[in-house]
Amino acid sequence: MTEKYKLLSGISSPKELRNLNEAECTALAEEIRSFLVETVTETGGHLASNLGVVELSIALHRVFDTPCDRIVWDVGHQSYIHKILTGRADRFDTLRQPGGLSGFTKRTESEYDIFGAGHSSTSVSAALGIAEAERIKGRKAWTVAVLGDGAFTGGMIHEALNNCGNSDNLRLIIVINENEMSISKNIGAFAKALLRLRTAGTYFRTKKATKSILAHVPIIGKPLTRGLTSLKKHMKDRLYGSNYFEDMGRYYLGPVDGGNLAQLETVLEEAKQYPGATVVHVKTVKGKGYLPAEQNPGAYHSVSPAGKPSRHGFSSAFGDALCEEAEKDGTICAVTAAMESGTALEAFHKLYPERFFDVGIAEDHAVTFAAGLAADGMKPVCAIYSTFLQRAYDSIVHDAVLQRLPIVLCIDRAGLNSGDGATHHGIFDVSFLSSFPETEIFTPATYAAVRASLRAALASGAVAAVRYPSGDENPDVVREFYPDGFEKLTGVRFSRTGNGKEPSPVVCIVCHGRMAAAAIKAADILKEKGITAALALCELIKPYSVPAGLIVNGLPDSVRTLVFIEEEIRAGGFGMNLSDAVSREPGGDAFECISIGTDETFAVPDAGEDVFYAAGVSAGIIADRIDALLHKNKNKSEESK
């Protein structure tokens, strides 16, 4: 690294950064961009957003005395440069790897990460809390919230802004990074001239000197200052529109060119002169310095370890299936929360633009909006990542389930997430959806099952969820459970239930979704130990009475132990609910049921581990637990004799 990145190799903390001159900082920014492209295309991660905030990140750590001053990053996916500048560059080859650097800010990773993130629109609330705590303690540290303009589509930002107050003792600066959509009006040459004027150091020095001089004029000084300030605001509002932040009583500076380090430092220093909460508006270019990302920043928002835009097989299968259904039914609508690409809805948007709705980063609104569509006879399909669906819990309960409004929740990225980590694990939706009355949960494990599940969910007339993981279908699962191809959903698919040529199974591993692959591997391991295990793949898990009845009546008499496996949280999840449903079936009390799932952990793997091992649901762990259980039962039986 020393030879290729001469300046970057000398930065182990922001202290060294503050000793660089302007030319060196400019050269450092180019080194950082090269370093980002080189490393992130190897490890995978968020590329375009980080390339756009290189100068901003440098300016923040030069102007503010971090870690004494605190920087709170919204989402955290644009904090890579922040990590590089705070002594973590030499660990970047571990980014998003087990035991390595997180792809987001993480409190346990560094003292510079004051607040962890992973979901959007939380930064201002968190920063306000930190700033108020600093005020109460009587400390003079600054707190800076850095958020993208996309975060403004999340209502929590506006709730926090409304709560900022006007305390002169509050040392809070809110940096808005605008890289896609416009926040304030831009009216051509005048706006550009105003931008140059307002971001020049002489502007602020003249402004400050004028106020000081006028304030000392006897009798008329202060009224004259107020009058001139009011006149200036009136003229500015007339020329290029009223400002949302100033109308809320917040001080506002900008917009400033986010690629101009000198301008950024000037404006950030000026922001420190204002009492209370101050907004600094920065305009950046997403993907700056890397042509593919500049030309298509959406595609390069997140890249795979191969350095290419990420592709997701199950998402694509869903997107294709939805287009097919929408062609036949003009009442089908698609709703997404700022994830058109991530949930593979681009084709739907292009084909049926009048039936496509991107509501921004507002999952709770997305669900209630969908309920409104359903209330007037439409068939809304909400495509939302599992981890983000947690934000819509109340809307699902009160606005959809309680009113019996038929919406379809297509839950993407269901299950454990090996790259983005704990903030993006989709492990809670089964548990909370299972508690809702009159709902259905489909858990397809193949592309064909995704299509069939979507059709069934649309026809259900109830709140229905279709949940599927990231990545591609597993060919072993297709061969094991669909050897003759897919015809229709049957509720439960059985395999290895006995054919007279091998010993009869004594245990059945019951799974759903992606865990079908782990079930197959676990059964193979058990076979090597002389234990024959049957397999049951649930295509639908709720109503739980459906798979329960099929399992009780579909297994050979030799099976008296059921082991339910899931990658989701065990408490209140698939295994617990299905074992209870089995016990209610005639003859179901003859089965011993145990459930294996993610239990009392957020499943953060150490170096050398995979996320399934960390969660305690890898094939090897499952096989060992079944083996131990059967040996324990055998010993008990022999002792009773």
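Analyst: In this predicted model, Leu172 has Ala277 in β5 as its bridge partner. Strand β3 (residues 171-178) and β5 run parallel and are joined by 8 bridges.

User: What makes β4 and β5 a pair of strands?

Analyst: Strand β4 (residues 251-257) and β5 share 5 bridges in the parallel sense. Pairing requires at least two bridges, so β4 and β5 with their 5 bridges count as paired. Within β5, Lys283 is the bridge partner of Asp257. Between β4 and β5 the chain passes through helix α12 (residues 261-271), and this β-α-β crossover is right-handed.

User: How is β5 covered?

Analyst: Strand β5 (residues 276-283) is mostly covered, with 7 of its 8 residues buried.

User: Why is Ser453 called buried?

Analyst: Its relative accessible area is 0%. The term buried applies under 20%, so Ser453 is buried. Ser453 belongs to helix α20 (residues 447-459). Leaving aside residues up to four places away in sequence, Ser453 touches Phe442, Pro444, Val466 and Leu489.

User: Why is α6 described as roughly parallel to α7?

Analyst: The axes of helix α6 (residues 123-137) and helix α7 (residues 155-163) cross at roughly 30 degrees and come within 7 Å. Angles under 35 degrees count as roughly parallel, and therefore α6 is roughly parallel to α7. On the α6 side, the contact is made by Ser123, Val124, Ser125 and Leu128; on the α7 side, by Met156, Ile157, Ala160, Leu161 and Asn163.

User: What is the make-up of the contact of α6 with α7 by class?

Analyst: The contact has 6 nonpolar and 3 polar residues, with no charged residues.

User: What makes β12 and β17 edge strands?

Analyst: Five strands form an open sheet of mixed pairing, in the order β12-β14-β13-β16-β17. Strands β12 (492-495) and β17 (592-598) each pair on one side only, and they are the edge strands. From one strand to the next, the twist averages 20 degrees.

User: How do you know that β13 and β14 pair?

Analyst: Strand β13 (residues 507-512) and strand β14 (residues 533-538) run parallel and are joined by 6 bridges. The criterion is at least two bridges, so β13 and β14 pair. His512 stands opposite Cys538 in β14.

User: Which helices lie across strands of this sheet?

Analyst: Helix α22 (residues 515-528) lies across β13, β14 and β16 (561-569), at about 160 degrees to β13. Helix α23 (residues 545-554) lies across β12, β13, β14 and β16, and runs at about 25 degrees to β12.

Definitions and conventions
Residues numbered from 1 in each chain as written. Predicted model: local features only at pLDDT ≥ 70, side-chain atom pairs only at ≥ 80, totals over all residues. Heavy atoms only, no water. Axes fitted to C-alpha atoms, helices over the stretch in contact; angles between N-to-C directions. Helix = DSSP H or I, 4+ residues; strand = E, 2+ residues; numbered from the N terminus. Parallel < 35°, antiparallel > 145°, perpendicular 65-115°, else oblique. Contact = heavy atoms within 4.5 Å. Nonpolar A, V, L, I, M, F, W, Y, C, P; charged D, E, K, R; others polar. Buried < 20%, exposed > 50% of the residue type's maximum accessible area, 1.4 Å probe, protein only. Right-handed = clockwise from strand over helix to strand, strands pointing away.
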